[in-house]
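Me: Please take a close look at one part of this model. I would like a single connected account, with its surroundings included.

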Amino acid sequence: MKNPRAGVSVLAVAAVAALGLVSCGGGGSSSSSSGGGGKKGGILNVTYASFPDYMDPQLSYTQEGWSAMGEIYIPLLTYKHGAGTEGAEVVPGLAKEPPKITNGGKTYTLFLRPGLKYSDGKPVKASDFPYSVERLFKVNSGGSPFYTSIVGAEQFAETKKGGIPGIKTNDKTGEIRIELEKPRGTFSNELGLMFVAPVPRGTPDEDLSANPPPGTGPYMITKSQPGRGWEVERNPYWEKANSKAMPEYPTGNIDGAKFTVVRNPQTQVNDIEQGKFDYMENPPPADRYTEVKEQFEGTQFRIEPTISTYYFWMNTQEPPFNDVKVRQAVNYAVDAAALERVYSGQIKGTQQILPPGMPGYKKFELYPHDMNKAKELLKEANPSDMNITVWTDTESPNNEAGEYYEGVLKELGFNTKLKVLNADNYFTVIGNRSTPDLDTGWSDWYQDYPHPNDFFQPLLTGESILQTNNGNFANFNEPAVNKEVSELGEEQLEEAQEAKYEGLDKKVMEQAPWAPYGTRTLSTFVSSAINLESVIYSPTFGAYLTSFEFSE
Amino acid sequence: MNSANRATDPAEPEGSSAGYGPWRLALRRFLRNRVAVAFLILFFLIVAFVLAAPLWANHVAHTGPNETHTLEKLHVNGEIREVVTPEGKPIGPQWFEAGGKFFLGADSRLGRDEMVRLMYGGRTSLLIGVASGLITALLAISLGLLAGYYRGWVDAVIGRTLDVLWSLPVLLIGIALGISLAVGGLKIGPLELSGGSIWNPIIVISIFSVPYFARPIRGEVLALGEKEFVEAAVAQGAGPLRVMFSELLPNLASTIIVFFALIIANNMLFEAALSFLGAGVQPPNSSWGTMITVGEELLTTQPLLAIIPGVMIMLTVLSLNIVGDGLRDALDPRSKVAFEARTGIAETERAPV
């Protein structure tokens with residue numbers, strides 16, 4: 001998923017490679033995620049730099065939203081409460097056990113745990129699941145494409161009528177049977193996304209950000225003021241019902257939390273230092289990053305790697321970037337070391353599609369920085385069109401990365417024009433193929449779930465080229481790659497598949513549709529009142545609310 | 001009354017003006033205003049400073065305004081200094097320690113020379129101020145003359161249009177228009193501007209500044225229209241165009257000169273605001289407004305990056321305002337005398353913003 005919006009908030013659904021950085025996993029069998037040494041109770045004061053895109057489980061597609069609601073709405077499957085690779089494991093959520101996959105990978109059967117209740121006291125029924133999936137399509141959620149492989153879902157997405165025949169449920173037994181059009185190796189990961197977390201039947205088919213629907217997690221939203229903040233309290237039916245039905249899910253230490261939007265990150269840092277807030281969701285601004293790191297690392301501050309790739313895309317279907325030599329020249333010219341400084345050290349240089357921590361990742365460096373070689377390649381290619389437009393957004397330091405990139409292209413001899421768009425609509429504009437002059441530009445991608453297919457299928461295949469909401473900005477359409485991605489997408493991810501993804505990564509980079517330059521790190525910054533050791537940074541949901549505890 | 005008649009200065013000592021033309025008298029009065037003269041000199045110094053940008057860039061800093069130096073190192077007094085540290089902190093002012101390179105330090109994590117960008121940015125800011133001032137003046141004079149001369153429905157239409165323009169939240173609409181033009185550019189008939197063109201902010205600023213200039217012009221034309229010399233011209237068979245351009249316009253000269261200076265200052269502030277909000281000059285080009293935006297992010301560690309362009313804007317606007325006031329006092333001293341007599345205080349009127 002893309003970096004969502006302006007401000008310092010960064011969409012990061014993952015932090016797998018955090019092995020060893022988080023000393024207390026806390027996931028698994030305990031009903032509390034306490035890191036030890038803390039106390040129970042208290043209201044956590046949290047600050048976000050911006051309000052989540054939606055406070056609605058079927059609609060939200062940003063880290064702010066997933067972090068805000070991750071423990072309010074639990075899907076049938078979920079991710080283990082742990083950092084690093086531990087947190088990348090898909091485990092049962094509201095479902096009793098992992099899905100039974102039959103019919104050559106096309107049928108998924110799950111059973112709902114008995115006795116579950118929503119925070120308004122209504123029982124959770126198996127039929128709520130198809131209702132939630134249908135609601136996802138009815139509200140035109142950005143997460144819809146993950147579920148169009150369900151039999152009949154594509155048609156339902158168009159007509160919004162008649163139900164989805166590929167989902168059959170039995171409220172008495174709690175059985176949920178999902179039929180897919182073709183095998184989909186990533187479907188278990190997709191069942192673990194909040195997009196399909198059950199909500200009560202009858203929940204309106206509209207954005208409910210101001211009045212979020214009841215959930216099933218240990219906390220419930222009691223107040224939501226879009227643009228300003230929201231509050232959560234313990235879900236009374238968690239203790240009465242759900243914690244008994246799913247004892248391995250953490251109950252949490254704090255009694256509730258108050259979330260306030262503070263748009264100035266400088267103020268956020270000051271407020272954390274002064275104890276006015278206990279946790280800031282976004283990283284400190286670049287200007288304060290070093291100061292905060294030096295002063296608080298280990299006690300109140302911790303770096304959290306993400307599974308993300310930052311890159312410059314090149315339109316492979318139009319001159320001059322329809323020539324592989326030109327694209328390779330750009331890869332040689334872009335210097336990841338310079339961009340590490342542009343990002344104040346909050347990025348680690350890489351030159352491939354898959355980021356560290358993602359299954360299938362193996363480091364290689366096809367294009368070590370060499371400006372002379374880049375110029376030679378460009379001379380050989382001798383492109384007919386040297387006039388290009390370079391796109392980036394206003395969010396710092398992505399805007400500076402775009403300016404750096406424009407400078408590099410100018411040095412190579414291109415006549416460049418830089419277009420800097422507001423981060424709120426950047427991806428909408430560059431994702432619309434009718435926008436003129438989409439030659440090359442900046443983008444990033446954070447994993448939706450820990451599966452390498454998530455870095456190829458939505459970004460680098462012919463089928464992902466769309467007229468609007470296009471994610472394949474390079475318009476890369478290589479039949480051999482399309483075929484391999486499609487075949488791998490149908491298989492369950494095992495060692496053999498990981499090796500194939502490793503090869504695919506190299507194969508794509510030889511064609512150089514992107515000039516990748518790094519993978520981002522984020523951070524956890526808490527006040528002195530919080531036990532940093534206890535905080536678990538999830539690969540999917542950011543910092544788990546249930547993992548926070550006040551120091552003794 | 002013609003322009004020569006208007007030169008009579010009640011503040012001028014009797015007999016001292018004998019034999020001087022109106023413009024020479026105005027010049028004498030202006031030169032006697034030492035504050036205005038001092039700020040005029042300051043304004044010329046600022047203009048000279050920004051005009052010297054290529055000289056400084058080529059012969060002292062040896063870099064262009066948009067060239068990045070992220071990984072470069074400077075050798076200063078046997079010491080190696082990184083232009084941008086691995087943590088992304090840009091180098092501070094080096095003054096002449098590095099032979100004039102990075103005199104004011106680097107502008108951001110991209111390691112561009114702040115001094116070079118300040119000089120080039122000033123050219124952009126001044127160019128926008130002057131160019132938009134000229135367009136505003138042209139539009140405002142035309143509309144003011146038409147409204148004041150024809151009165152009736154012409155005046156009503158122009159007046160209400162200006163009222164509408166005046167009542168709009170100028171900055172918000174300026175931002176919206178600026179961003180929209182920055183993305184799509186502008187195409188009206190044969191006129192085609194690309195998204196990054198400097199003419200986009202110039203056009204936006206020019207249009208929104210018209211009411212501030214056109215209203216006083218209209219008022220002046222209304223007053224002049226009652227004068228005998230206009231009636232005489234009409235009686236002699238002069239057509240509307242001749243009356244407007246041969247009789248009225250010369251008598252508006254002092255108002256136009258004064259407001260032109262003030263509108264340049266206002267437009268520079270408008271440009272700074274638009275650029276600060278991302279709707280004015282587009283990167284990588286610099287203006288003083290965009291430099292404040294870049295510096296704002298590093299305000300706690302490198303405050304000079306935002307303060308220096310801010311001070312440059314302040315000095316330029318201040319000098320233009322004071323020169324404008326001085327010109328008004330010199331060209332139409334009665335307005336000052338009348339105002340002081342009426343209120344008992346020195347006049348501090350400015351063009352509304």
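**Helix 11 of chain A and its setting**

Reply: This is a predicted model with two chains in contact: 26 residues of chain B touch 29 residues of chain A. On the chain B side, the touching residues divide into 9 nonpolar, 12 polar and 5 charged.

Confidence comes next. Chain A has a mean pLDDT of 91, and 93% of its residues reach 70 or more. Where pLDDT is low, the predicted coordinates should not be read in detail.

Now the helix. Helix 11 of chain A covers residues 398-412, which makes 15 residues. At 1.5 Å a residue, helix 11 should span 21 Å. Its end C-alpha atoms are 21 Å apart, so expectation and model agree.

How enclosed is helix 11 of chain A by the rest of the structure? Largely, because 12 of its 15 residues are buried. The cut-off for buried is 20 or more other C-beta atoms within 10 Å of the residue's own. The buried residues are N398(A), N399(A), E400(A), A401(A), G402(A), E403(A), Y404(A), Y405(A), E406(A), G407(A), V408(A) and L409(A).

What covers these buried residues? The cover includes both helices and strands of chain A. Among the helices are helix 8 (324-333) and helix 9 (336-342). The strands include strand 14 (308-314), strand 16 (387-393), strand 17 (415-421) and strand 18 (440-446). After helix 11 comes G413(A), with a positive phi near 115 degrees.

Elsewhere in chain A, strand 13 (residues 301-305) holds R302(A). R302(A) has 23 other C-beta atoms within 10 Å, so R302(A) counts as buried. R302(A) and V535(A) are 233 residues apart in sequence, yet their C-alpha atoms are 9.9 Å apart in space.

Strand 2 (residues 43-48) of chain A pairs with two strands named here. With strand 11 (residues 256-261) of chain A, the pairing is parallel, over 6 bridges. There, L44(A) has A257(A) as its bridge partner. With strand 12 (residues 279-280) of chain A, strand 2 also runs parallel, joined by 2 bridges. V46(A) stands opposite Y279(A) in that pair.

Strand 7 of chain A is joined to strand 8 (residues 175-179) of chain A by 4 bridges, and the two run antiparallel. T169(A) faces I176(A) of strand 8 in this pairing.

Last, the partner chain. Chain B contains 13 helices and 4 strands. Of its 353 residues, 44% count as buried. Among contacts in chain B between residues at least 6 apart in sequence, 67% join residues at least 24 apart.

Conventions: Residues are numbered from 1 along each chain as its sequence is written. Chains are lettered from A and ligands numbered from 1 in the order in which they are written. This is a predicted model: local features need pLDDT of at least 70, side-chain atom pairs count only at pLDDT 80 or more; totals for chains, interfaces and linings use all residues. Two strands pair if DSSP finds at least two bridges between them. Two residues are in contact if their C-beta atoms, placed from the backbone, lie within 7 Å. Ala, Val, Leu, Ile, Met, Phe, Trp, Tyr, Cys and Pro count as nonpolar, Asp, Glu, Lys and Arg as charged, and the others, Gly among them, as polar. The expected span of a helix is 1.5 Å times one less than its number of residues. pLDDT is the predictor's confidence in each residue, from 0 to 100.
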